[in-house]
Amino acid sequence: MTANPPDVTGFDPDSSDAQPEGSLEAQIARIEAEVRELQFPGFSLDDALNLGLLLVELGKERSLPIAIDIAKGEQVLFHVALPGATPDNGHWIRAKQRTALRHEAPSLLVGLRGRLGGGRIEDNAWFDQSRYAAHGGAFPIHVTGVGVVASVAVSGLPQLQDHELVVEALRDILGSALDE
């Protein structure tokens, strides 16, 4: 993972405060590096189950009020709601997954790229907010030499935390696969 330069703090898309200069670009570069890093050699139903169970374990250990979903197109491979999750989390998961799959990029990255011109992607008339959400938490599953084959999403935390939890689990799963 590429760390932010020491003089640049992370960009917070939920903050209305002024952000440090260069923080948006640094955050985009960090997530683009995650996309390059988090490539699977293959992605099976067992991989989906293991990833989902790891996210459940992390969520339960930390008492996180999250819903977790892994899907291959319209096929749900894994879905669970932990204590504190709400029915709205299902809506957010689907909207973030649609965004990640359509753009073949993490939903947070889509939202951050939309801010480069000073606005938000949601401000564009063509962005259907009833179907898509450019908020962190959904990450496309890339298979090397194949492309995007599925997506994993978490909803229930602030969007940066949703994104970071998914990235943590993907790193752990990919690290375990390399150890075998």
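The expected span of a helix is 1.5 Å times one less than its number of residues, and in this predicted model that rule can be applied to helix α1, whose 15 residues, 23–37, reach 21 Å from the first C-alpha to the last, close to the expected 21 Å. Several residues of α1 are buried, among them Leu-24, Ile-28, Arg-30, Ile-31, Glu-34 and Val-35.

Side chains of opposite charge can pair when their charged atoms come close. The count of salt bridges in the model comes to 6. One of them joins Glu-37 to Arg-171, with the closest N and O atoms 2.8 Å apart; this pair links distant parts of the chain, since Glu-37 lies in helix α1 and Arg-171 in helix α5 (residues 159–179), 134 residues apart. Glu-37 counts as partly exposed because its relative accessibility is 34%, a value between the 20% and 50% cut-offs, and Arg-171, at 25%, also counts as partly exposed.

Arg-62 is partly exposed at 38% relative accessibility, and Glu-168 is partly exposed at 33%.

A salt bridge between Asp-162 and Lys-96 has its closest N and O atoms 3.0 Å apart, and this pair connects helix α5, which holds Asp-162, with helix α3 (residues 87–103), which holds Lys-96, across 66 residues. Both Asp-162 and Lys-96 are buried. Finally, salt bridges that share partners join Arg-30, Glu-34 and Glu-164 into one network.

Conventions: Residues are numbered from 1 along each chain as its sequence is written. This is a predicted model: local features need pLDDT of at least 70, side-chain atom pairs count only at pLDDT 80 or more; totals for chains, interfaces and linings use all residues. Side-chain values use heavy atoms; hydrogens and water are left out. Helices (H or I, at least four residues) and strands (E, at least two) are DSSP runs, numbered from the N terminus. Buried means under 20% relative accessible area, exposed over 50%, partly exposed in between (1.4 Å probe, protein chains only). A salt bridge is a side-chain nitrogen of Lys or Arg within 4 Å of a carboxyl oxygen of Asp or Glu.
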